[in-house]
Amino acid sequence: MIIQSENPALEVHDLTVSYDKKPVLWGVDFTIPKGALCGVIGPNGAGKSTLIKAIMQLIDIDSGYIKLFDRELDAVRKKVSYVPQRESVDWDFPASVMDVVLMGRYANLGLFKSPRKADKEAALKALELVGMESFRKRQISQLSGGQQQRIFLARSLTQNADMYLLDEPFAGVDAATEKAIVEILKNLADEGKTIIVVHHNLQSVENYFDWVLLLNLRLIASGPTKKVFTPALLEETYGGKLTLLAEVSELVKKGEFKAREKH
Amino acid sequence: METLIEFFSFKYPNVKYVVFGTILLSISSSAVGCFTFVKKKSLIGDVISHAVLPGICISFLISGSKDPFILIIGAFLSGWISILVMNKIIQNTKIKEDAATGFSLSVFFGIGILLLTFIQHSGNAAQSGLDTFLFGKAAALVGKDLIAFGMIAILVLGTVLALYKEFKLISFDPQFASVIGLPTKTLEFILISITVLAVVTGIQAVGVVLIAAMLITPAAAARFWTNAFHKMILLAAFFGVISGVSGAFISFTAPSMPTGPWMVMVLSIIALISFFFAPGKGILIRQYKRFVIQRQLLEENLLKAFYKLGENENHPKREITTNDDKLKRSFSSNQLKKGLKKLKADGYIIATKSGWKLTQEGFQKGKRITRLHRLWELYLTKYLRIAPDHVHEDAETIEHVITPELEKRLQELLDFPTSDAHQPAIPP
């Protein structure tokens, strides 16, 4: 069940993506309305992070197109912010909390320039929002998992974007951090910003999100949580494994085919 | 002293060339080394340094001259190609980074040695001295080398300065750099290019094998002293300068001593000093901290034992004989000797005719440790549901850790208790 929205913030059309030559997303096609707080739900290896990365052009796509605010990513980069998985970086890097949060402002700064007063103020404000202002001088290697996640969110918030994509922001964080992050995301959505979150825990889905994508190699459903988050569709997402699809993926990889002959 | 003055007066042009040459190349290799270090690509310097050899030989074969500029161009190109080959192998095959690194390094170096041998046997008179690239020739730098080094150093450092924040971001979080629209591929290209340049110049001083040390050692040493990236780069460059000057000075005083290897030796000594003595991270400092804590533990445990002995007899400040059985059971004679001496020196106990007596301060401190011990026991049984007979061991440690603020919170949380899990009184 795929419910389309009018005047969408994000439109993904017939998206096929391969990872290490193996197709992991097949013909994904959906739209997400402006101001939605959307959860991307599915089992491990369903292609949730791949979808987010494809939207951010971090990996090449085999076919289809993606439009954000009806434009290509390059045209609206400053309005889109991405929070990668916490584990994607080395937290032993010699940097302070403030250094990392300021990185969110680099795009506005341009080459050769160092952060200005306004950037530092924006960073401080973001740190306040995530409740980490007293940590600003702290070395990042001394942070807990939850604090690392808050820092990443703060870095993203300094961008003042209109769309936020978060890759597993609740993985391995404490309950207080999860609550704080959800609070911030809800506020952002209330301000009309579109939020897309890769999420694992089915129990909190109804509380957190007003829009849901159910994903398992292909899109099973997209729509308002109330309509889409149903036992039947969840069963389809998590239950019957599509062994045939998985086997074909393996064959594509082995045979060095391209998932699409041309695009 | 005289040699020192003679050395720094630079009255021999050769000394001047060597000192400034080594300083310039140390600074540039240390600065770019910091980036390869934090990117965990430390071995890249090794690959490049070995891979420049075929480039040098080919430039010589084509041009027939040993002009540093011409050789550097060839070296730069083949250094770059080796990195490209390495990355292509990692991307397109199942071979992992370590194997690809080794492969690229040895293949290029092999071709280089092959060409070098060919040139040496070709009877070309101009070839003599080409093999200095293998081991460096820091002590024989000339004016023309200095100009080349200077230009490259300015180029390398200028680039690091101008693109510092971008390089920092692609080193820490390349994905984020890419999504905010930074030209990551171009930046990566520039960063590798200046790394190759730094290596190519460094080779002329210290040679193919030791240049990796010039890249990594200053960065590794600097990392021990600071947690800020820009300070790390400055410090690494400073270490590089020290090594350059001392290497030049050592070979000046003892002409049989080679400059390049001494630069690396000095760097290694700086690194060793950092590993051992750097505040916070140095091994000795950490050992010392451990020692201080051990002593504090002993002191507090003794005071607690004193307090408890008195507590049992309802006479807290009573004297304790040096032969007290209970003390002897809990502490070794060595511990007792050292601990009592320290406690006396700190004014927590005073010596009496037959033994020891707690001072007012010692009594208070012993009481506090006992209180913390029992508070923690109570906390464990009440909030962590741990059986009362299992909490003692844990509290033995935690009693030394709890700060006054935590103590206050514990008391509030436990509602100012007066007895603990084992039911002895909790002293106020």
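Does Ile61(A) count as buried or exposed, and how many C-beta neighbours lie inside 10 Å? Ile61(A) counts as buried, because 23 C-beta neighbours lie inside 10 Å. A residue is termed buried if 20 or more other C-beta atoms lie within 10 Å of its own, exposed if 12 or fewer, and partly exposed in between, with C-beta atoms placed from the backbone.

The structure is a predicted model, in which local features need pLDDT of at least 70 and side-chain atom pairs count only at pLDDT 80 or more, while totals for chains, interfaces and linings use all residues. Residues are numbered from 1 along each chain as its sequence is written, and chains are lettered from A and ligands numbered from 1 in the order in which they are written.

**The two chains**

The secondary structure of chain A consists of eleven helices and nine strands; helices (H or I, at least four residues) and strands (E, at least two) are DSSP runs, numbered from the N terminus. Chain A has a radius of gyration of 19 Å, close to the 18 Å that the globule rule gives for 263 residues, so it is as compact as a globular protein of that length. The radius is taken over C-alpha atoms, and the globule rule is 2.2 Å times the number of residues to the power 0.38.

Chain B comprises 18 helices and three strands. Its radius of gyration is 32 Å, well over the 22 Å that the globule rule gives for 428 residues, so chain B is more spread out than a compact globule. The domain assignment of chain B gives domain 1 (2–279) and domain 2 (286–413), with bounds that come from an automatic or database domain assignment. The C-alpha centres of these two domains of chain B lie 57 Å apart.

The table lists further values for each chain; a contact there means that the C-beta atoms of two residues, placed from the backbone, lie within 7 Å.

| Chain | C-alpha span along principal axes | Buried residues | Contacts joining residues at least 24 apart, among those at least 6 apart in sequence |
|---|---|---|---|
| Chain A | about 55 × 40 × 35 Å | 46% of 263 residues | 72% |
| Chain B | about 100 × 60 × 35 Å | 43% of 428 residues | 69% |

**Strand pairing**

In chain A, strand 1 (residues 8–19) and strand 2 (residues 22–33) pair in the antiparallel sense over eight bridges; two strands pair if DSSP finds at least two bridges between them. They form a hairpin with two residues between them, and Asp20(A) in the turn has a positive phi of about 55 degrees. Tyr19(A) has Lys22(A) of strand 2 as its bridge partner, and Leu15(A) stands opposite Val28(A) in strand 2. Strand 1 of chain A is also joined by five bridges to strand 4 (residues 63–68) of chain A, in an antiparallel arrangement. Here His13(A) stands opposite Tyr65(A).

Ile61(A) is located in the loop between helix 1 (48–55) and strand 4 of chain A. Leaving aside neighbours within four places in sequence, Ile61(A) is in contact with Leu15(A), Thr16(A), Val17(A) and Ala54(A). Ile61(A) and Tyr19(A) are 42 residues apart in sequence, and their C-alpha atoms are 9.4 Å apart in space.

Chain B contains an open sheet of three strands in the order 1-3-2, with antiparallel pairing. Strand 1 (320–321) and strand 2 (349–351) of chain B stand at the edges, each with a single partner strand, so one side of each is left without a neighbour in the sheet. Two bridges join strand 1 of chain B to strand 3 (residues 355–358) of chain B, and Ile320(B) has Trp356(B) as its bridge partner in strand 3.

**Nonpolar cores**

A nonpolar core is a set of buried Ala, Val, Leu, Ile, Met, Phe, Trp, Tyr and Cys residues joined through C-beta atoms within 7 Å. The largest has 171 residues, and those with the most contacts inside it are Cys38(A), Val101(A) and Ala236(B). Helix 10 (residues 184–223) of chain B gives the largest share of this core, 24 residues. A second, separate core of 23 residues includes Leu303(B), Leu327(B), Tyr348(B) and Ile349(B).

**Contact between the chains**

The contact takes 18 residues from chain A and 20 residues from chain B. On the side of chain B that touches chain A, the elements that give two or more residues are helix 8 (164–172), helix 9 (174–179) and helix 11 (229–253).
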